[in-house]
Amino acid sequence: MTAQGLNGFYGSVFKRSTAAFALIRTADGRILMMRSGNGGWELPGGVVKGGEDPRSAARRGAGEALGAGVDVGRVLVLDYVQGGDRQGGGQGDSIAFVFDGGTLATSVTGFSGAGGEREARFVALGEGTEVFAAATAGLLVAGMEALDLGTVMELIDGTPARGGHVLAPPPRRMMPQVDGFSGILGR
């Protein structure tokens with residue numbers, strides 16, 4: 001392989017990024033959204049840093065929004081973004097994880113931090129596209145569906161992948177059923 005070929009290969013490998021977000025809700029169904037400066041509204045979270053796993057990155061993002069001690073639950077959404085980086089507009093593929101950030105009992109509708117550089121709002125899912133970017137809207141809808149169904153949603157470029165959600169396989173018997181025999185435990 002030539003030097004140009006190696007550069008192209010390694011360049012394509014290392015352009016991939018991973019992002020992790022937390023879906024944090026209020027008891028009345030509003031969702032926590034964050035924005036830096038004049039950027040778009042996104043779920044709390046961001047790029048997974050070197051040596052960090054996606055769950056830790058989502059926990060870090062939620063902690064930056066709400067303070068220390070915030071934890072995240074199970075994976076709700078996996079979104080594979082082809083040819084575009086969700087966080088930086090790069091050219092490589094990326095994958096985004098959305099974790100369950102739990103439910104907060106609060107009447108607060110918004111707050112700001114970092115000297116006004118970061119803004120947060122609890123918004124209703126149906127509030128419209130002026131708040132949610134298209135990619136974020138796909139993550140939100142899939143995350144809420146995953147919560148409702150108790151499953152994980154698989155997306156490609158923000159839309160449900162063929163097969164949609166991923167359900168746990170049905171329980172299997174270790175041995176085939178035999179007429180007249182109920183098994184060791186009587187089942």
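Mentor: Begin with exposure: a residue is buried under 20% relative accessible area, exposed over 50%, and partly exposed in between, with a 1.4 Å probe and protein chains only. D157 is partly exposed, because its relative accessible area is 41%. Please keep in mind that this is a predicted model, in which local features need pLDDT of at least 70 and side-chain atom pairs count only at pLDDT 80 or more, whereas totals for chains, interfaces and linings use all residues. Residues are numbered from 1 along each chain as its sequence is written, and side-chain values use heavy atoms, with hydrogens and water left out.

Trainee: Where does D157 lie?

Mentor: Helices (H or I, at least four residues) and strands (E, at least two) are DSSP runs, numbered from the N terminus. D157 lies in the loop between β8 and β9 (159-166). Its phi is near 55 degrees, a positive value in a residue other than glycine.

Trainee: Which side chain reaches the backbone nitrogen of D157?

Mentor: A polar contact is a pair of N or O atoms within 3.5 Å; within protein, one must be able to donate a hydrogen and the other to accept it, and residues adjacent in sequence count only if both atoms are side-chain atoms. Here the side chain of D79 reaches that nitrogen of D157 at 3.3 Å. D79 belongs to strand β4 and counts as buried because its relative accessibility is 0%.

Trainee: Is D100 buried or exposed?

Mentor: D100 has 17% relative accessibility and therefore counts as buried. This residue is in strand β5, and its side chain reaches the backbone nitrogen of G102 at 2.8 Å. For contacts, the criterion is heavy atoms within 4.5 Å. Leaving aside neighbours within four places in sequence, D100 is in contact with residues including L23, R25, R74 and L147.

Trainee: How is a nonpolar core to be read?

Mentor: In soluble globular proteins, nonpolar side chains tend to be buried together. A nonpolar core is a set of buried Ala, Val, Leu, Ile, Met, Phe, Trp, Tyr and Cys residues joined through side-chain atoms within 4.5 Å. The largest one here has 19 residues, and those with the most contacts inside it are F21, L23, I31, M33, L43, V77 and V98. Two or more residues come from each of β1 (17-26), β2 (31-36), β4 (75-81), β5 (94-104), α3 (134-149) and β8 (152-156). The largest share of this core, five residues, is from α3. A second, separate core of 16 residues includes M34, A62, V70 and F97.

Trainee: What does L43 touch?

Mentor: Not counting residues up to four places away in sequence, L43 touches F21, A22, L23, I31, L32, M33, V98, T136 and L140.

Trainee: How many salt bridges are there?

Mentor: A salt bridge is a side-chain nitrogen of Lys or Arg within 4 Å of a carboxyl oxygen of Asp or Glu. By this rule the count is five. One of them joins D71 and R59 at 2.8 Å, N to O. This pair links distant parts of the chain, twelve residues apart: D71 is in the loop between α2 (54-66) and β4, and R59 is in helix α2.

Trainee: Which residues are linked in a network of salt bridges?

Mentor: The network links E52, R60 and E64. E52 and R60 meet at 2.9 Å, N to O, while the closest N and O atoms of R60 and E64 are 3.8 Å apart. R60 and E64 both lie in helix α2, four residues apart, about one turn of the helix. R60 counts as partly exposed because its relative accessibility is 24%.
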